[in-house]
Amino acid sequence: MPQVPQTFDALAVRTWCGLALEALGRAREEIDAINVYPVADGDTGTNLYLTLESATAAVEAVFAGHEVGGHEAGGGDEAGGGKPTLADAVRAMAHGALIGARGNSGTILAQLLRGMAQVLAADSETAHTDGPGLRLALRQAADSARQAVAHPVEGTVLTVASAAADAANGAEGDCGTVARAAYEGARAALAATPGQLAVLARAGVVDAGGRGLVAVLAALVETFTGEAPRMRLGSPEVHARVAAVVTDVDIFGAGIGGVHPDVCEDGAPEEGGPAFEVIYLLEAEDAAVDRLRGRLDRLGNSLVVVGGDGLWNVHVHVDDAGAAVEAGVEAGRPYRIRITHFGLGDVHTGGPGRPPRERAQRAVVAVVPGEGLAGLYAEAGATTVLARPGEPPASGELVEAVRRAHAREVVLLPNDAELRHTAAAAAEQARADGVRVALIPTRSAVQGIAALAVHEPERRFDEDVVAMTSAAGATRYAEVAVAERQSWTMAGICQAGDVLGLIDGDVAVIGSDITTTAESVLDRMLSAGGEMVTLVLGDEAPDAIAAHLESRVRESYLAVDTVVYRGGRQGALLLIGVE
């Protein structure tokens, strides 16, 4: 048996993260398949894996940084190289999980890890690196996760986490003993979840989030004992427990223990719930986050807000995605915004004799450059991928978005000429998964808006794609931005700080005033005719620019309409579309 750590140190954190990531990777498809709660969208395993992958990457970065530091100092362990502290490792783990949390389950997992880190990294006279310290960490993890959920419900990962902490509290011994007790307590609680949440009993499954947590705790046992406990969802114990519960439901036709089959995590009906999942990171003060919780709780359900020390991860299911994002803007600075349209075809797994729900027939997946446009696209029914300035999405993110859309047919709008090859690769991958994908080569978000405006899911797929492609192609696009450095352009040499007007991707105007440059760009575009002008304002655009350009169009171009949207932090000061 290889040597295993006897106390919780940085190496133990690294080992645990690696083993847990491997365990979730093996169980990901299994966990996805049993995901029926709070929304049966078949992604709990994937979300847990991606969240822990982010945590693991952060821990590895800390180790890499110390190794580099040690080499530069010319020493080994004596110089501090290669040996981060426990506090360094657990804080990195918690931060990585926080910024990479995906979905309801991933957000709760991030808070569980943060709760543990609060104990393990605490500045105190007593080091919490032994069995008793691990007991305290597991207790804090369970309690803090429960506090992060607006309306906790039993039979979920929260129940499994609490059971793990309770079992650990009764264990005496080293970290391995405590970890095994926590695992056994979690395993028993997982098997009992169908008796607490009837939607699980109806489907004949245990809670997916709880199943993921059991895998993470099994990795903790392996970290401190060198032996991986064997437990599969298909074990006789679990199937027997589920079968008994399902039999009770079938006989009596009512919920178990007062829980009704259609109850969601926050008491809302599981079917016919909110249309969108909204997730974002938020830089805000505690008081502002308290107010945000109240506002989002009124807007929707499945509300989970995790984090602290000025950085938060917000997750909520709502019908008004734009309002959820606006609430974040009022509270602080939201970014990395992800809006998912659940649609009518989410993978709600049926129970015995009840077939799974069908996929949605058609969906639109779009890359958008700002939070405001993300809300606009989502309200029009699209699944969005946010392209942050300087951080274009990878093909894997687009593939994941296609999977989240969960439709037989998908129209993909990259909205950026630079993403053409990335989007093509994602489309090929999605086709390999059995999804019919049409890639419309939109080069700007305003072309995507034009395409989305004529989208009709009831039409034949080919006809819909042709109509959307025609609308996008008939829309000229432009943007107004500030030059970052001196450069040669089609309009001459620009200097850093100059205002640039780009039409169809090429610099056409170089100016010194934003409004004047925008007006010149608009005049050039409308000189060739047009019926509709779309203006998308970035956060740093002058307050009066929209009114000035609207007035210019109204006074100089007859029968041309103007529509204005707020794009948020979209990179460009202004996007312009002319149809």
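**Reading the sheets, the packing and the spaces**

Mentor: Let's start with an open sheet of four strands, ordered E6-E5-E7-E8, in which the pairing is parallel. Strand E6 (383-386) and strand E8 (436-439) are at the edges with a single partner strand each, so one side of each has no neighbour in the sheet. Keep in mind that this is a predicted model, where local features need pLDDT of at least 70 and side-chain atom pairs count only at pLDDT 80 or more, while totals for chains, interfaces and linings use all residues. Residues are numbered from 1 along each chain as its sequence is written, and side-chain values use heavy atoms, with hydrogens and water left out.

Trainee: What does it take for two strands to pair?

Mentor: In general, strands of a sheet pair through backbone hydrogen bonds, either parallel or antiparallel. Here two strands pair if DSSP finds at least two bridges between them. Strands (E, at least two residues) and helices (H or I, at least four) are DSSP runs, numbered from the N terminus. In this sheet, strand E7 (residues 407-413) and E8 pair in the parallel sense over four bridges.

Trainee: Which helix lies across E5, E6 and E7?

Mentor: That's helix H14 (residues 395-405), running at about 160 degrees to E6. Angles run from 0 to 180 degrees between N-to-C directions, and axes are lines fitted to C-alpha atoms, for helices over the stretch in contact. Contact, in turn, means heavy atoms within 4.5 Å.

Trainee: Where do I find antiparallel pairing?

Mentor: Go to the open sheet of four strands in the order E2-E3-E1-E4, where the pairing is antiparallel. Its edge strands, each pairing on one side only, are strand E2 (300-308) and strand E4 (333-341). From one strand to the next, the twist averages 10 degrees. Strand E1 (residues 276-283) pairs with E4 in the antiparallel sense over seven bridges, and phenylalanine 276 has histidine 341 in E4 as its bridge partner. Packed on this sheet is helix H3 (residues 86-100), which touches E1, E2, strand E3 (311-318) and E4 and makes about 35 degrees with the direction of E3. Helix H13 (residues 371-379) lies across E1 and E4, at about 15 degrees to E4.

Trainee: At what angle do H5 and H7 pack, and how far apart are their axes?

Mentor: Helix H5 (residues 131-148) and helix H7 (residues 175-192) pack at about 30 degrees, with axes 7 Å apart. H5 brings Gly131, Leu134, Arg135 and Leu138 to the contact, and H7 brings Cys175, Val178, Ala179 and Ala182. By class, these contact residues are six nonpolar, one polar and one charged. For the classes, Ala, Val, Leu, Ile, Met, Phe, Trp, Tyr, Cys and Pro count as nonpolar, Asp, Glu, Lys and Arg as charged, and the others, Gly among them, as polar.

Trainee: Now the empty space. What separates a cavity from a pocket?

Mentor: The general idea is that rolling a probe the size of a water molecule over the atoms shows where empty space is left. On a 1 Å grid over the protein atoms alone, a cavity is a set of points where a 1.4 Å probe fits but cannot get out; a pocket is an open set with protein on both sides within 12 Å along at least five of seven lines, and lining residues have an atom within 4 Å of a point. Grid points are joined across faces, edges and corners, and a volume is the space filled by probe spheres set on the points.

The largest pocket holds about 1200 Å³ of space. It is lined by 41 residues, and Asp416, Glu479, Gln570, Gly571 and Ala572 are the closest to its centre. E9 gives the most to this lining, five residues.

Trainee: How many cavities of 30 Å³ or more are there?

Mentor: Five. The largest cavity has about 180 Å³ of space. Its lining has 21 residues, with Tyr37, Pro38, Thr44, Asn104 and Ser105 nearest the centre, and divides into six nonpolar, 10 polar and five charged residues.

Trainee: Which classes line the second largest cavity?

Mentor: That lining has 12 nonpolar, no polar and no charged residues, around a volume of about 100 Å³. H4 gives the most to it, with four residues. Leu138 of H5, which you met in the contact with H7, is one of the residues lining this cavity.
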